[in-house]
Amino acid sequence: MSVQEHIVADTASGPYAITTGPDGALWFTLVHSGQIGRLVPGGGLSCVGTRSP
């Protein structure tokens with residue numbers, strides 16, 4: 001087994017609540033920066049901003 005660390009753009013964003021989606025990707029929230037992140041099994045990382053109420 002190996003572990004690979006991925007750096008998010010905002011280090012104070014607070015990754016939280018990681019779950020596996022039906023697509024096999026890991027989905028997580030970045031609670032302090034208002035984003036949702038997705039990490040695919042091949043290593044691709046993407047983050048999308050959410051709208052504020």
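Helices (H or I, at least four residues) and strands (E, at least two) are DSSP runs, numbered from the N terminus. The model is predicted: local features need pLDDT of at least 70, side-chain atom pairs count only at pLDDT 80 or more, and totals for chains, interfaces and linings use all residues. Residues are numbered from 1 along each chain as its sequence is written, and side-chain values use heavy atoms, with hydrogens and water left out.

**Exercise 1. The sheet**

Task: State the order of the strands in the sheet and the sense of their pairing.

Solution. 
Step 1. Two strands pair if DSSP finds at least two bridges between them.
Step 2. Read the order. The open sheet has four strands, arranged β1-β2-β3-β4, and the pairing is antiparallel.
Step 3. Find the edges. β1 and β4 (45-49) are the edge strands, each pairing on one side only.
Step 4. From one strand to the next it averages 20 degrees. Here axes are lines fitted to C-alpha atoms, for helices over the stretch in contact, and angles run from 0 to 180 degrees between N-to-C directions.
Step 5. Strands of a sheet pair through backbone hydrogen bonds, either parallel or antiparallel.

**Exercise 2. Two hairpins**

Task: Count the bridges for β1 with β2 and for β2 with β3, then find a glycine with positive phi in each hairpin.

Solution. 
Step 1. β1 and β2 are joined antiparallel by four bridges. P15 has L30 of β2 as its bridge partner. Y16 stands opposite T29 in β2.
Step 2. Five residues lie between β1 and β2 in their hairpin. In that turn, G24 has a positive phi of about 85 degrees.
Step 3. β2 and β3 are joined antiparallel by five bridges. W27 has R38 of β3 as its bridge partner.
Step 4. The hairpin of β2 and β3 has four residues between the strands. There G34 takes a positive phi near 65 degrees.
Step 5. Check for a non-glycine case. A17 is not a glycine, yet its phi is positive, about 55 degrees. A17 sits in strand β1.

**Exercise 3. Burial**

Solution. 
Step 1. Set the cut-offs. Buried means under 20% relative accessible area, exposed over 50%, partly exposed in between (1.4 Å probe, protein chains only).
Step 2. L30 belongs to strand β2.
Step 3. Look at the whole strand. β1 is hardly covered: of its six residues, the count of buried ones is zero.
Step 4. L30 and V48, 18 residues apart in sequence, lie 9.7 Å apart in space. For T19 and G37, the sequence separation is 18 residues and the distance 11 Å.

**Exercise 4. The salt bridge**

Task: Identify which residue forms a salt bridge with D23.

Solution. 
Step 1. Apply the rule: a side-chain nitrogen of Lys or Arg within 4 Å of a carboxyl oxygen of Asp or Glu. The count comes to one salt bridge.
Step 2. The partner of D23 is R38, with the closest N and O atoms 3.0 Å apart.
Step 3. D23 is in the loop between β1 (15-20) and β2 (26-30), and R38 is in strand β3 (residues 35-39), 15 residues apart.
Step 4. Check accessibility. D23 is partly exposed at 40%. R38 is partly exposed at 26%.

**Exercise 5. The largest pocket**

Task: Give the volume of the largest pocket and say which residues are closest to its centre.

Solution. 
Step 1. The volume is about 200 Å³. Grid points are joined across faces, edges and corners, and a volume is the space filled by probe spheres set on the points.
Step 2. Ten residues line the largest pocket; the closest to its centre are H6, I18, F28, L39 and L45.Step 3. Define the term. On a 1 Å grid over the protein atoms alone, a pocket is an open set of points where a 1.4 Å probe fits, with protein on both sides within 12 Å along at least five of seven lines; lining residues have an atom within 4 Å of a point.
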